[in-house]
Amino acid sequence: MEQWPEPVIRVQSLSESGDRAIPERFIKPPSERVTAHQGPEKTMSIPIIDIGGIANRSKFDEDTMRTLSNACKEWGFFQLVNHGMNKEILEKTKEVWREFFHLPMIEKQAFANSPVTYEGYGSRVGVEKNASLDWSDYFFLNIFPKNLRNYEKWPSLPNSLRETTKNYTKEIVKLCMILMEMLSLGLGLDKEYFREAFGGDEYEACLRACFYPKCPQPELTLGLSSHSDPGGITVLLSDDHVSGLQVRKDGEWVTVKPVPGAVIVNIGDQIQVMSNDIYKSAEHRVQVNSEKERLSMALFFNPKGDIPIGPAKQLLSPQKPALFQHNFTFNEYRQFIRKRGPTGKYQLESLKTM
């Protein structure tokens with residue numbers, strides 16, 4: 001489909017309209033709302049891992065690798081502190097993208113996206129007509145490989161946005177390369193296993209700047225519906241002072257409280273498949289706020305789109321057979337979410353062998 005099935009509703013415009021009720025299209029079924037089955041505040045939290053400035057080192061200590069590997073097995077989500085990335089670049093990135101979302105609508109509309117590639121300024125995921133909508137706007141960019149990077153799709157305002165975004169994504173991709181080595185070693189594989197399985201230097205990376213405007217009825221909707229990320233690794237730069245991300249753990253929703261200066265990392269479906277279900281891609285969602293807007297920057301580090309994906313043969317045995325089919329590529333896999341939008345972990349579970 002080359003066009004959205006209905007006129008696109010910019011959530012920020014709804015938020016700034018002064019209406020005290022949200023449109024029906026944004027109202028979630030009672031079972032999906034944040035308040036559904038809400039009990040006392042959970043004391044659990046996703047792991048916080050100090051990697052000792054490892055982005056600037058070439059070796060990892062065994063304790064750090066073990067901690068990270070356990071977080072991937074038990075949670076699929078963790079926060080990284082002392083990561084060694086340039087903090088000024090991280091803060092500047094949030095600053096320029098927040099400025100972008102507060103530009104006049106006519107400036108942003110010049111970059112309106114389509115469901116063909118999703119690249120540009122968007123407000124929905126999925127092309128099903130009359131689908132339930134999420135309370136968020138976003139900007140999606142292809143970063144790597146460079147031949148997919150179309151600067152005509154990159155905003156020219158604020159003036160420093162393009163250069164800042166290039167510097168930021170360079171830092172995050174460098175971190176992803178290191179994490180890939182640690183994840184491989186954590187499974188007893190050669191440290192280059194995931195890198196090679198992702199296509200070596202032909203990996204893909206894309207960026208999604210997510211903007212969650214204030215919502216007059218946050219108890220009725222979600223900023224982003226429940227899903228697991230379809231790709232490899234996601235690195236999230238979040239607002240330090242506004243919570244919103246929730247991770248599903250043992251059937252309960254756990255609100256992530258961002259650590260200032262940290263980045264949040266989660267495992268995607270492709271890593272769960274390649275690890276033969278040892279590492280987990282966690283289901284997560286985003287709640288919204290009636291008093292504060294929220295911004296986050298998600299970089300998705302993914303396999304080359306046309307490489308067949310399946311469990312690592314080194315992890316298989318008669319006692320531990322492959323739990324997933326081998327006959328899909330990442331290009332095929334991500335078309336599901338691009339057509340239907342977020343659907344929990346339905347797609348991944350449907351690929352498991354009987």
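UniProt, in an unreviewed entry, places the feature "domain: Fe2OG dioxygenase" at residues 202–303; its positions are given in the numbering used here, feature names are shortened, and annotations may be inferred rather than shown by experiment. Over residues 202–303 the chain is 6% helix and 44% strand, with the end C-alpha atoms 8 Å apart. Helices (H or I, at least four residues) and strands (E, at least two) are DSSP runs, numbered from the N terminus. This is a predicted model, in which local features need pLDDT of at least 70, side-chain atom pairs count only at pLDDT 80 or more, and totals for chains, interfaces and linings use all residues. Residues are numbered from 1 along each chain as its sequence is written, and side-chain values use heavy atoms, with hydrogens and water left out.

**The chain as a whole**
- The protein chain holds 9 helices and 14 strands. Its radius of gyration is 20 Å, close to the 20 Å that the globule rule gives for 354 residues, so the chain is as compact as a globular protein of that length. The radius is taken over C-alpha atoms, and the rule is 2.2 Å times the number of residues to the power 0.38.
- Along its principal axes, the C-alpha trace spans about 60 × 45 × 40 Å.
- Of the 354 residues, 56% count as buried (buried is under 20% relative accessible area, exposed over 50%, partly exposed in between, with a 1.4 Å probe and protein chains only).
- Among contacts (heavy atoms within 4.5 Å) between residues at least 6 apart in sequence, 79% join residues at least 24 apart.

- An open sheet of 8 strands runs in the order β1-β2-β10-β7-β12-β5-β4-β3, with mixed pairing (two strands pair if DSSP finds at least two bridges between them). At its edges stand β1 (48–50) and β3 (120–122), each with a single partner strand, so one side of each is left without a neighbour in the sheet.
- Strands β2 (residues 77–81) and β10 (residues 263–267) run antiparallel and are joined by 4 bridges. Phe-78 has Val-265 in β10 as its bridge partner.
- Helix α5 (residues 161–186) lies across β2, β4, β5, β7, β10 and β12, running at about 55° to β12. Axes are lines fitted to C-alpha atoms, for helices over the stretch in contact, and angles run from 0 to 180 degrees between N-to-C directions.

**The 4-strand sheet**
- Another open sheet has 4 strands in the order β6-β11-β8-β9, with antiparallel pairing. Here β6 (224–227) and β9 (252–255) are at the edges, each with a single partner strand, so one side of each lacks a neighbour in the sheet.
- Strand β8 (residues 245–249) pairs with β9 over 4 bridges, and Lys-249 stands opposite Glu-252 in β9.

**Backbone spots to look at**
- Most residues other than glycine have a negative phi, and most peptide bonds are trans.
- Cis peptide bonds join Phe-144 to Pro-145, with omega about 0°, and Leu-157 to Pro-158, with omega about -5°. Pro-145 is in the loop between β4 and α5, and Pro-158 lies in the loop between β4 and α5 too.
- Asn-130, in the loop between β3 and β4, has a positive phi of about 65° and counts as exposed at 58% relative accessibility.
- Asn-276, in the loop between α7 and β11, has a positive phi of about 55° but counts as buried at 8% relative accessibility.
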